[in-house]
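Student: I would like to go through this structure and ask what stands behind the terms used for it.
Tutor: Go ahead.

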Amino acid sequence: TTCRSLNVEPTKALCTPFLHVICVLLSPCILTSASLLAMSTDLVPATYYTDGRQEARVENYTKFWQKDLGKEGEADNQNRVESYTDVVNGYYDGATELYEYGWAQSFHFSRFYKGEAFAASLARHEHYLAAQMSLRPGMRVLDVGCGVGGPAREIARFADVTIVGLNNNDFQIQRARKYTKMAGLDGQVTFAKGDFMNLAEQFGANSFDAVYAIEATVHAPAWEGVYGEIMKVLKPGGVFGVYEWCMTDAWDPSIPAHKELAHAIEFGNGIPEMRPLKQAREAMVKVGFAIEHEEDLAERPDVVPWYYPLEGDIWKAQTAWDYFTVWRMSWSGKLVSHTAIRFMEGLGLLPKGTYDVGESLKVAADALVRGGQSKLFTPMYLAICRKPALSE
């Protein structure tokens with residue numbers, strides 16, 4: 001059923017915020033099927049939504065992995081790497097609203113000080129990167145893999161820079177533009193659709209004073225490829241800052257349990273292939289960057305670990321509001337949200353396959369906690385790199 005059949009103008013049909021639907025489902029009032037369908041995104045022929053999502057690629061997402069992750073082979077890895085655009089877009093078409101509901105508009109992890117609020121920690125993580133890069137007013141900055149624009153908006157306010165957010169997912173770009181306009185930043189933060197493996201072709205050489213990527217370039221089929229493109233679009237002497245997802249030096253792919261952990265992280269996060277930290281460092285140097293500073297921030301002796309919200313233990317919540325954030329990661333929070341997802345998908349309010357993507361997020365949460373506890377995985381390998389100046 002389309003919005004047009006319910007006398008709703010297609011151009012005004014927007015996907016209902018996931019949190020609102022949860023609230024509706026938990027309220028005592030009962031909605032009719034017609035009123036629920038009126039809240040859905042307008043569908044165009046076949047499996048394309050006007051908000052940019054494609055049902056077929058959401059439904060196909062989990063098929064890129066073996067049902068038993070312990071049976072994953074090199075051919076499976078290679079297939080995902082070659083099909084990285086479909087893997088990543090299928091994942092984010094299904095997971096974006098779940099991220100916003102369960103996490104925030106900034107899709108990344110962060111360090112915590114004792115007593116620090118979840119939102120404050122996310123913002124500080126973004127400010128820290130901007131400070132390490134020495135971003136200054138007037139700079140033109142590229143955000144590679146910008147999500148729905150949370151970090152871009154925060155960094156634009158913090159550093160007073162102009163930011164172009166790059167994303168290859170239509171659904172996220174539409175949401176990023178909407179949120180940025182609501183924040184009154186649409187004159188300072190803009191968004192472009194594109195593939196980060198073809199930056200120079202899209203933007204031209206020497207186009208940006210600085211480039212950053214926050215937990216995004218792990219989705220690339222090869223680090224050397226995406227870092228090489230970033231090098232091209234940076235002006236001579238320009239700076240590149242990144243928080244990279246990596247398996248640490250303690251990770252040994254010859255150990256079955258280690259390999260299976262990496263596959264679980266891939267499966268639950270839309271990543272074609274997890275790679276060791278040393279490969280990221282080697283790729284940066286190989287394409288010509290000078291690494292000015294590098295550190296795995298997950299190695300800091302923090303009392304509160306970066307993965308604590310994923311544990312779902314409400315007694316560990318840092319502030320009163322964070323009880324709700326942590327609860328959403330608990331078994332009961334997951335039960336409520338995933339039951340709602342299945343219900344909404346059955347009514348056609350969400351693309352087919354969204355429930356399965358949501359189930360993959362459960363795998364992700366468990367794997368990320370295990371990876372953090374064992375020090376086999378880090379979501380915050382920080383590297384500040386410089387493109388050589390012309391005189392060099």
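Tutor: The axes of helix 6 (residues 118–132) and helix 7 (residues 150–159) approach within 9 Å and cross at roughly 60 degrees.
Student: Why is helix 6 called oblique to helix 7?
Tutor: Angles under 35 degrees count as roughly parallel, over 145 as roughly antiparallel, 65 to 115 as roughly perpendicular and the rest as oblique. The crossing is at roughly 60 degrees, and that makes helix 6 oblique to helix 7.
Student: Which residues make the contact between helix 6 and helix 7?
Tutor: With contact meaning heavy atoms within 4.5 Å, helix 6 supplies Ala123, Glu126, His127, Ala130 and Ala131, and helix 7 supplies Gly150, Pro151, Glu154, Ile155 and Phe158.
Student: How reliable is the model?
Tutor: This is a predicted model, where local features need pLDDT of at least 70 and side-chain atom pairs count only at pLDDT 80 or more, while totals for chains, interfaces and linings use all residues. Residues are numbered from 1 along each chain as its sequence is written, and side-chain values use heavy atoms, leaving out hydrogens and water.
Student: How do you know that the span of helix 16 (residues 354–374) agrees with its 21 residues?
Tutor: The expected span is 1.5 Å times one less than the number of residues. For helix 16 that should be 30 Å, and its end C-alpha atoms are 30 Å apart, which agrees. Lys375 follows helix 16 and has a positive phi, near 65 degrees.
Student: What percentage of the protein chain is buried?
Tutor: Buried means under 20% relative accessible area (1.4 Å probe, protein chains only), exposed over 50%, partly exposed in between. Of the 392 residues in the protein chain, 56% are buried.

Terms used. Axes fitted to C-alpha atoms, helices over the stretch in contact; angles between N-to-C directions. Helix = DSSP H or I, 4+ residues; strand = E, 2+ residues; numbered from the N terminus.
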